[in-house]
Amino acid sequence: MSHPQLVSAARPSYGYIVSFHDLHPTPAAFREEVVAGLRRPRKAIPAKFFYDQRGSALFDEICQLEEYYLTRTETALLENHVPEIATLLGEDVLLIEYGSGNGRKTRILLDCLPNLAAYVPVDISKDHLLAAATDIAQAYPYLRVTPVCADYTREMAFPDFEEFPYRRRVVFFPGSTIGNFTPDEAEDFLRHAADVAGPPGALLIGVDLKKDPTVIDAAYNDKRGVTAAFNLNLLHRINTELDADFDLRAFEHRALYDPVQGRVEMHLVSTQPQTVRIGDEVFTFAEGETIHTEDSHKYDLAAFQAMAGRAGWTVKRVWQDSLQYFAVCLFTLAPQSVA
Ligand code: AVI
């Protein structure tokens with residue numbers, strides 16, 4: 001992948017999306033994947049389907065919960081260390097963010113990175129992506145904002161951005177979203193990120209760490225029941241979008257941390273024997289049978305660094321909170337090139 005040389009130029013003011021790369025990710029075959037998942041001997045639905053409009057709003061609410069330590073810990077790490085992060089990354093960075101959320105963490109970086117060359121949010125959901133990118137473009141009128149609509153869990157030809165002079169590409173993947181991949185998928189993603197960044201690129205990534213299981217269990221079983229509502233919203237979404245008749249009162253949220261596997265498994269438990277219809281298809285549930293809806297892996301820091309190493313990354317710096325709940329890691333592809 002060739003990277004254009006930096007050409008210094010006076011920066012104009014934009015305030016709008018400068019260019020949009022639509023890599024036309026195949027629309028998630030929602031019905032097909034749900035039906036196939038419910039036909040499996042152990043019923044499962046991919047976690048990516050949580051995020052309709054209500055699901056995204058509920059996830060934002062989860063991020064504010066006292067029990068959900070991940071967001072506030074990572075945000076504090078970024079806020080406390082952003083001057084050092086900015087120095088290590090240097091000027092004229094092309095900042096590529098995967099799975100852009102509500103933008104709060106992005107803004108911490110945008111406020112401090114000197115002379116950012118462009119901001120490239122990458123997401124599969126076009127509407128969500130364009131809305132978030134427009135907000136950022138308006139808040140940072142001197143920034144080139146160039147969203148890419150793509151399914152980053154699959155192979156894709158990333159744009160080369162020849163039109164923008166920049167010094168290095170930096171991939172930003174906050175939130176421990178890497179934890180929602182299986183370890184094999186996570187390693188593949190890290191390899192993909194190395195390919196997209198290219199030397200002298202860098203990766204700034206948030207990772208939730210193994211810890212006291214009661215702390216993790218509480219984060220996924222909050223007292224107000226927001227996580228339960230987030231989990232059950234998947235059935236509501238299937239009812240509305242796929243002409244189904246799930247009775248939401250006949251399913252319960254379950255999330256349990258398995259310290260041996262190092263992951264939280266989230267399920268929806270059928271509280272009674274029942275049948276459910278999706279269009280013309282009928283599914284039978286025994287009492288206690290579950291739909292597996294999400295895994296959230298927690299890493300041992302050394303094991304995560306080893307995985308990143310296998311994917312081609314070298315650790316440059318790691319920031320952790322005093323309880324060592326969470327890590328923000330900066331990896332590079334060519335250590336000698338870091339400022
Ligand atoms: C998006 N992802 C990192 C969250 C997590 O913690 O795995 C999704 C989530 N599921 C339940 N609560 C939050």
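What you see is a predicted model, where local features need pLDDT of at least 70, side-chain atom pairs count only at pLDDT 80 or more, and totals for chains, interfaces and linings use all residues. Residues are numbered from 1 along each chain as its sequence is written, and side-chain values use heavy atoms, with hydrogens and water left out.

Let's start with the domains. The assignment, which is automatic or from a database, gives domain 1 (43-64 + 216-297) and domain 2 (67-211 + 299-337). Their C-alpha centres are 28 Å apart. Where they meet, 17 residues of domain 1 are in contact with 17 residues of domain 2; contact means heavy atoms within 4.5 Å. One salt bridge crosses this interface, the term being used for a side-chain nitrogen of Lys or Arg within 4 Å of a carboxyl oxygen of Asp or Glu.

Now for Asp 295, which sits in strand S11 (residues 290-297); strands are DSSP runs of E with at least two residues, and helices are runs of H or I with at least four, numbered from the N terminus. Asp 295 counts as buried because its relative accessibility is 17% (buried is under 20%, exposed over 50%, partly exposed in between, with a 1.4 Å probe and protein chains only). Residues that Asp 295 touches include Gly 179 and Arg 263.

Finally, find Pro 141 in the loop between helix H5 (126-139) and strand S4 (148-149). At 27% relative accessibility, Pro 141 is partly exposed.

Conventions:
Lists of a residue's contacts leave out its neighbours within four places in sequence.
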